[in-house]
Amino acid sequence: MTIREKMHNTELYLPTDPEIMKEQQGYMNLLYDFNHTRPTESDKREALLKELFADLGEGCFIEPPLHANWGGHHVHFGKNVYANFNLTLVDDTHIYIGDHTMIGPNVVIATGGHPLLPELRQKGYQYNVPVHIGKNCWIGAGAIIVPGITIGDHSVIGAGSVVTKDIPSNVLAVGNPCKVLREISDYDREYYYRDRKIHW
């Protein structure tokens, strides 16, 4: 099995492999260019993101700065995904985010992990597990999503949550560790914030 296959198969590997690092640095240079664009350079930003990301649907927008181990090379965005400032993508393997999902500031989505055994960590070993976030989700500010997590469609992750287990569709989930608080219901068709009514 090659080192690239190990990267995407939850196998232990050494991310300091010279060939891997050379490729990774190329994407990091492009990410540097993206993070140093001016607010008025929207076309340049979009072109750089299309070069960086594995998939980038129409209408996506990311507020710089963006931090990503591979510059987004293993990231798949659907259409109309919005990410606020300081999104961190530990994209050593694939991250999938569905259409119309919103991501608050300072969110971390990580696919890379390290063994608990000290001897293996000392040698620099790593493994990666993909993350799947469904369509029309809202990931609140400062949330952390660890490797291997799946979040279902239409769910909301509360600000500051640490997501260590899968979250089903159509729920509000909060906390550290993140747990389902309640389902999104008819109440949410009437009120958008506390006692603030929706005027359809």
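Trainee: What do β18 and β19 form, and how many residues are between them?

Mentor: In this predicted model, β18 and β19 form a hairpin with four residues between them. Glycine 175, in the turn, has a positive phi of about 105°.

Trainee: How do you know that β18 and β19 pair?

Mentor: Two strands pair if DSSP finds at least two bridges between them. Strand β18 (residues 171-174) and β19 have four bridges, in the antiparallel sense, so by that rule they pair.

Trainee: What makes β19 lie largely in the open?

Mentor: Buried means under 20% relative accessible area. Of the five residues of β19 (residues 179-183), the number buried is zero, so the strand lies largely in the open.

Trainee: Why are β1 and β15 called edge strands?

Mentor: The open sheet has five strands in the order β1-β4-β7-β12-β15, with parallel pairing. Its edge strands, β1 and β15 (150-151), each pair on one side only. Within this order, β7 (residues 95-97) and β12 (residues 131-133) pair over three bridges in the parallel sense, and tyrosine 96 stands opposite histidine 132 in β12.

Trainee: How do you know that the buried residues of α3 line one face of the helix?

Mentor: The buried residues of helix α3 (residues 42-52) are Arg45, Leu48, Leu49 and Leu52. Seen down the axis of α3, they fall within an arc of 100°, so they line one face. Asp43 and Lys50 are exposed, on the face turned away from the buried side.

Trainee: What covers the buried residues of α3?

Mentor: The cover includes α2 (18-35), β1 (55-56), β2 (61-62) and β3 (66-68).

Methods
Residues numbered from 1 in each chain as written. Predicted model: local features only at pLDDT ≥ 70, side-chain atom pairs only at ≥ 80, totals over all residues. Heavy atoms only, no water. Buried < 20%, exposed > 50% of the residue type's maximum accessible area, 1.4 Å probe, protein only. Helix = DSSP H or I, 4+ residues; strand = E, 2+ residues; numbered from the N terminus. Arc of directions from axis to C-beta. Contact = heavy atoms within 4.5 Å.
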